[in-house]
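Reader: I have a model open and would like to go through parts of it. Can you start with the terms?

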Amino acid sequence: MAIGDLAFLIPLLPALAFVLTFFLGKKLPNGGAIIPIAAITISFVISLLITMNLLQNPEEVINQSYSWFAILNIGVLVDPLAAVMLTMVSLVSLLIHIYSVGYMSHDRSQSRYFAETALFTASMLGLALSDNILQLFICWELVGVCSYLLIGFWYEKPSASSAAKKAFLTTRVGDVMFLAGIVILFSDLFRIFNGTIPDGVYILRFDEIFTHIPEIAAMNANILGMEVSHITIITLLFFGGAIGKSGQFPLHVWLPDAMEGPTTVSALIHAATMVTAGVYLVARTFPMFMAAPSSLLVVAYLGAFTAIFAATMGIVMNDLKRVLAYSTISQLGYMMLGLGVGAAIGAEAVGISIFHLINHAFFKALLFLCAGSVIHAVGTHDMRQLGGVAKVMPITAVTMIIAAFSLAGFGIPDTIFGFSGFFSKDPIIESAYLFGSSSGMWIPYLLSITAALLTSLYIFRLVFMTFFGKPRTDYGGHESPASMTVPLSILALLALVAGALTRTTFYEFVSETFVNDFVQMDIPALADIGGYHLASHAGHEPMLILWMPLIVAVAGLLVSYLIYGLKVVNMDSLVSRNNPVYKLLYNRYYQNAIYTDFLSVKVIYEGFAFAGHAIDRGFDWTVNWISDLMIESGEALRQFQTGVIQTYATAVIAGVGLLIVLIKVVMEVI
Amino acid sequence: MLPILSLIVLIPLLFAALTLFTKTKEQARVMALVATVAVLVLTLYMYINFDSTIADNQFEEIYQWVPSLGINYHLGVDGIGMPLILLNAIVLPFLILFTWNDDRKAPNRFYALILATEGAVIGVFAALDFFLFYIFWELTLIPLFFMVSIWGGPGKHHAAIKFFIYTHIASLVMLLGIFGLYFSAWEMTGTPSLDIPALLSQFQFIGSGVMKDLIFLALLFGFIVKIPVFPFHSWQPDAYTEAPTAGSVLFVMLKIGGYGIFKVILPLLPFTASPNLMITIMAALGAVSIIYGAFLALAQSDLKRMVAYSSVSHMGYVLLGAAGLVSLSVSGAMFQQFSHGLIMSIMFMACGVINTTAGTRIINDLGGLAQKMPKLAVIMVLTFMASLGLPGLSGFIAEVSVLAGSFVNLPSYVIIALLAIVITAAYHIWALQRAMFGVFNEKLGTIVDINGYQTLSMGIIAILIVYFGWNPSPVLDMMLTNSEQIISLMAVMGV
């Protein structure tokens, strides 16, 4: 038996773990944590073995499809893209689960926690190995509902249940766009097949969709007087889904609030199981984006904008977890930008973007778990009350600093010296440069390089404020237990060396995703359909461009050292509430006010819903009025009000007799 | 062979009569349980022997009744009716169990009315003769009327009368349509017949286009008032809300309006004089219902009324999918009826439990119930998720089939329906947040979680919602078979 035959177990085991933990967890020690940990360990081992096997035998892409209902199927597809995703998700999730045993040990709803995180992981793994777009959507929604349950884990806290609602509804806006894209795609394919789909053909399977890209691209719809290709509409709707799930502007608002759940949940959401889904969706359907005029440009611009937009807010936040949340949004923007620059570099974009996704998962999980370790020990996440934590928690401090360097992207160009984040963020920025030089669109590059400066600034601000200097309050604290520091150390090792060790292999491996025995995509031909001009990536950027990311990262480090380490500037005077820029940033560009207070409450609830309510009262009133009129007008009909059923029976019979006569008359006339 | 359909229809009616003579609650509920379990066993037997690969009527029984008028006692069931009989047969025993420990006045009449409704509703799904069909159709009205007017809430009299008169007028219009069809066919063939399959097949030969459209519209009106969809829904929120919990669940089981759409309306549709106009009417009413019901649900302060309006929204999918005229959308619409029955029964049970223990259903007056009612909270979250169309639960299968299938022919209407999805999510999630989560409202006093019988009945239906969400084929296959047959008719007529 080949290892690939076990691929279906990867999501299934954690799903079973969910059921077992949910019903039996209360009776077991630690809330039954051992069940999901065992299940995810096996999932990880299978994923890793499949990945190793695919590395050696690239032609052994796993695809198993089974008929589900009507003309739809469920199935398993493990190609290089899915394989690396599965490995990362199962590994990070496993480490977070182990860490949670210690972190959640005092919570009385432990079993519910482990059940829900198991389902969360199962959904994400199911999403990664879907062989068709509908199954991906299903898992996508399950991921969403698990995040809802976990963000609202402490549901008796109003802020938690409110944050959960916000996350669910905001991502739902994106989900509907995604669903709309699937619906349009389905009907296009249905037409291409003229409504008769042969047995064994599943039209929503990725290979089937990709095969028909040119035909879908040839269909046009007229929107506001513009001829728009269906492939553009579909891909932009898919991207709409990705905007919601991956926290891109303007649907990112749920992500910073999502820290209301346990910190381990934030780690899961931010690193492995939720926000990466959007990036994965765009990567998975990349051939469609390649053939869609303007879609990739939208992805690139929006990604670059989100990267800098979120970074500006990251600088002013005082909450440890909030800084990290904005950092996630910003880094997701980089991943989207990485995919968007496919407009210039073709399928290689998938490689660099997913590489950043994986590295980010490692260092972001690490950042959150370190934050959790600090919060667990000192009981606050307000950085203004911390300081000097490095002395009491040396392991946490060291691992967090490694993660910070990885996030800021420290590394020396053209060598193997660098933190993981460097090897993935650098290529994205370089590709953005290439995109600029080949198309003349420089904005994404400029935004992304500026965002890199801000990234370094906010993360070292966090490091200096939390770990160095003198304690600002008497918080006590101690180093966390081994069950928490061991996962930290493993992740720190990954954040330190994973990038350097795997980079070349990784690009080559993932770039084979669209050329194997499952799908054979001719990327340049698709680029022609999409109207993109692919540039050659020969690495003749000027020296300055090559070193620029490192220069800005170092600059960011120095500035935060000067301000927050040496305190050469008194920040307290700068950040007064009267500073309009600070106010704008600290209030998150007033998006909360616009979305919640205005759009949701005023427009939808008080506007539409109550207008509808008034209309409905109108209908009701009319109906009552007609019946009152009838009742009043007939003396004989007064008995209606007595509710005697015989009266109705008599009326029915009389009425029927009358109707028969009537209809006879009508028949004669006609 | 065993006259199995007759048994399924007559056992509940017979037991209804017998239950009237019981003296105590204990006797009445046992009678009701025996009858509903008997129906369930027989239905499962029928289901196992049902061939889902053919679209014909099965388990047919036919006896002459009034030959001079062409009335026969004709029963039979196809892939449209079978899942709905199954739905009723599954839910009713659990409904009896759900009410097991309740105390109420006149339990003998209460359980008798439940059984009478079950018999009448299944009768509609089994009837293949319009006379019989109409008798059962009207028979559903009477027990429900009493159910609301005796055991209902504060506004029960108004709600009961409104429900009765409104849907009765619609039934009369439907009857006009039946007569139109009956007399037209009589004139053409020279022999009277009220046989449903025969009349449906003769519709196309009616000479006058105006007559055909009038018959069609009369029937359509009768059915859509019963579903109900916008703008003929105003009896529904009152009736659903004022009814006792069991009555609300019975209303949800009353899928006869939608059944009529698939059984009668769609086979006639291609032969009307202006099929495209009819499709537009159906699609528009369906799409508007979806979004209108969603906004109205958002505006409600009473949890049960919110659920009632959400039902209007969900039923819009039935009409939209039927008008979509692709086998996927039509079968999805049929599946929506089945799935909606399961989901809504738990929703109403939950509303009932909350009202009993907390003394109110006003969402803002509740709060933090999950802390006191953890079992109900789990079931409610699952059901609310099913109701808002979460994948992995039965509602999604129906909605995605309707949306994807209908988009082929009716893109703009589907876009309207898609817009409603966020609103639908919003009122569900918001209600959960306010009623179940957050800080417990101490003013509510002592709150008790659902009892064992309630947990069992709600839990099993919830498990079915999950089961059909992953494996819809056991009922969807037969729906598909019949949908394909309907669509092949359309193709012949070039609609």
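Author: Helices (H or I, at least four residues) and strands (E, at least two) are DSSP runs, numbered from the N terminus. Two strands pair if DSSP finds at least two bridges between them. This is a predicted model, where local features need pLDDT of at least 70 and side-chain atom pairs count only at pLDDT 80 or more, while totals for chains, interfaces and linings use all residues. Residues are numbered from 1 along each chain as its sequence is written, and chains are lettered from A and ligands numbered from 1 in the order in which they are written.

Reader: OK. In which sense do S3 and S4 of chain A pair?

Author: Antiparallel, over four bridges, with S3 covering residues 220-223 and S4 residues 226-229. Ala221(A) is opposite Val228(A) of S4(A).

Reader: And how many residues sit between S3(A) and S4(A) in the hairpin?

Author: Two, and Leu224(A) in that turn has a positive phi of about 50°.

Reader: Switching to chain B. At what angle do H11 and H15 cross?

Author: Roughly 165°, for H11 (residues 245-253) and H15 (residues 327-358) of chain B, with their axes coming within 9 Å. Axes are lines fitted to C-alpha atoms, for helices over the stretch in contact, and angles run from 0 to 180 degrees between N-to-C directions. H11(B) and H15(B) are therefore roughly antiparallel (over 145 degrees).

Reader: Back to chain A, what are the domains?

Author: An automatic or database assignment gives domain 1 (3-586), domain 2 (589-639) and domain 3 (641-670). The C-alpha centres of domain 1 and domain 3 of chain A are 68 Å apart.

Key. Parallel < 35°, antiparallel > 145°, perpendicular 65-115°, else oblique.
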